[in-house]
Amino acid sequence: MAGVAPAKGRFRSFLLVSLKHFLDNEWHKTHTLKRGGRHVFISWDELKPEDRESLEPCDHLTPEKIFNRRWALMLLERVMNQLRNEYIAARKGELFEKLKDYLTGDNAGKPYREIATELNLSEGAVKVTVHRLRRRFGELVRGQIERTVASPDEIDDEIRQLFAALN
């Protein structure tokens with residue numbers, strides 16, 4: 001402090017330059033583009049099925065194909081909600097949430113062993129529960145389709161059309 005004298009103005013100049021550097025650094029921090037810049041990221045999981053479809057790559061789909069696809073997605077969503085409500089009514093909502101990813105057969109979920117540990121069940125019990133969940137899901141799909149066709153003979157054909165619409 002001996003070298004800093006009010007008459008010389010060094011301390012005032014030092015504070016002024018320090019303030020300018022601080023303000024400059026803060027401005028750059030607030031205006032820096034991070035992780036994608038000005039792009040907005042959308043969570044795929046939070047979108048409704050019909051909204052997901054609008055974000056898919058554009059195809060030259062006919063109106064009939066678009067209608068069939070939306071019908072299929074809406075039917076599957078309705079069935080999923082019905083199944084979820086059944087499990088919640090049976091006080092097994094947590095079990096449903098842990099196992100719902102296994103309905104498609106993609107095995108996209110966690111390994112059975114890991115789910116079994118989380119639910120305090122055996123791995124075999126989890127496998128049986130997934131099998132029952134899939135079977136009930138299929139029953140509910142058939143039930144929903146049965147309400148839309150004229151005779152029970154048309155159900156299998158309608159199910160084939162449902163899967164074709166999703167491909």
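Trainee: How many residues apart are lysine 29 and glutamate 26 in helix H1?

Mentor: Three residues, about one turn of the helix. Helices here are DSSP runs of H or I, at least four residues, and strands are runs of E, at least two, numbered from the N terminus. A caution on the source: this is a predicted model, where local features need pLDDT of at least 70, side-chain atom pairs count only at pLDDT 80 or more, and totals for chains, interfaces and linings use all residues. Residues are numbered from 1 along each chain as its sequence is written, and side-chain values use heavy atoms, with hydrogens and water left out.

Trainee: What do the side chains of lysine 29 and glutamate 26 meet in?

Mentor: A salt bridge, 3.4 Å from N to O. The term requires a side-chain nitrogen of Lys or Arg within 4 Å of a carboxyl oxygen of Asp or Glu.

Trainee: Is lysine 29 buried or exposed?

Mentor: Lysine 29 counts as exposed, because its relative accessibility is 56%. Glutamate 26 is partly exposed at 31%. The cut-offs are under 20% relative accessible area for buried and over 50% for exposed, with partly exposed in between (1.4 Å probe, protein chains only).

Trainee: How many salt bridges does the structure hold?

Mentor: Eight. One of them joins glutamate 123 and lysine 127, at 3.9 Å from N to O.

Trainee: Why are glutamate 123 and lysine 127 separated by about one helical turn?

Mentor: Because they sit four residues apart in helix H6, residues 123-146. Glutamate 123 is partly exposed at 32%. Lysine 127 is partly exposed too, at 43%.

Trainee: What does arginine 142 form a salt bridge with?

Mentor: Aspartate 156, with the closest N and O atoms 2.9 Å apart. That pair links distant parts of the chain: arginine 142 is in helix H6 and aspartate 156 in helix H7 (residues 155-166), 14 residues apart. Arginine 142 is partly exposed at 36%. Aspartate 156 is partly exposed at 39%.

Trainee: Which residues do salt bridges with shared partners join into one network?

Mentor: Arg84, Glu97 and Lys100.

Trainee: Switching to rings. How many aromatic pairs are there?

Mentor: Two. Tyrosine 87 and phenylalanine 96 form a tilted one, 5.7 Å centre to centre with 45 degrees between the planes. Rings of Phe, Tyr and Trp (its six-membered ring) pair if their centres lie within 6.5 Å; planes under 30 degrees apart are stacked, over 60 edge-to-face, and the rest tilted.

Trainee: Tyrosine 87, buried or exposed?

Mentor: Buried, because its relative accessibility is 13%. Phenylalanine 96 is buried as well, at 0%.

Trainee: What about arginine 69? Where is it found?

Mentor: In helix H3, residues 63-89. Arginine 69 is buried, with a relative accessible area of 15%. Its side chain reaches the backbone oxygen of alanine 165 at 3.5 Å.

Trainee: Now the surface. Which residues form a nonpolar patch there?

Mentor: Leu19, Phe22 and Leu23, with about 300 Å² of accessible area together. Patch members have over 30% relative accessible area and no salt bridge; like charges are joined within 9 Å, and nonpolar side chains (Val, Leu, Ile, Met, Phe, Trp, Tyr) within 5 Å. Accessible areas come from the Shrake-Rupley method with a 1.4 Å probe, and for residues only the protein chains shown count as cover.

Trainee: Which helix has phenylalanine 22?

Mentor: Helix H1, residues 10-31. Phenylalanine 22 is partly exposed, with a relative accessible area of 48%.

Methods. A polar contact is a pair of N or O atoms within 3.5 Å; within protein, one must be able to donate a hydrogen and the other to accept it, and residues adjacent in sequence count only if both atoms are side-chain atoms.
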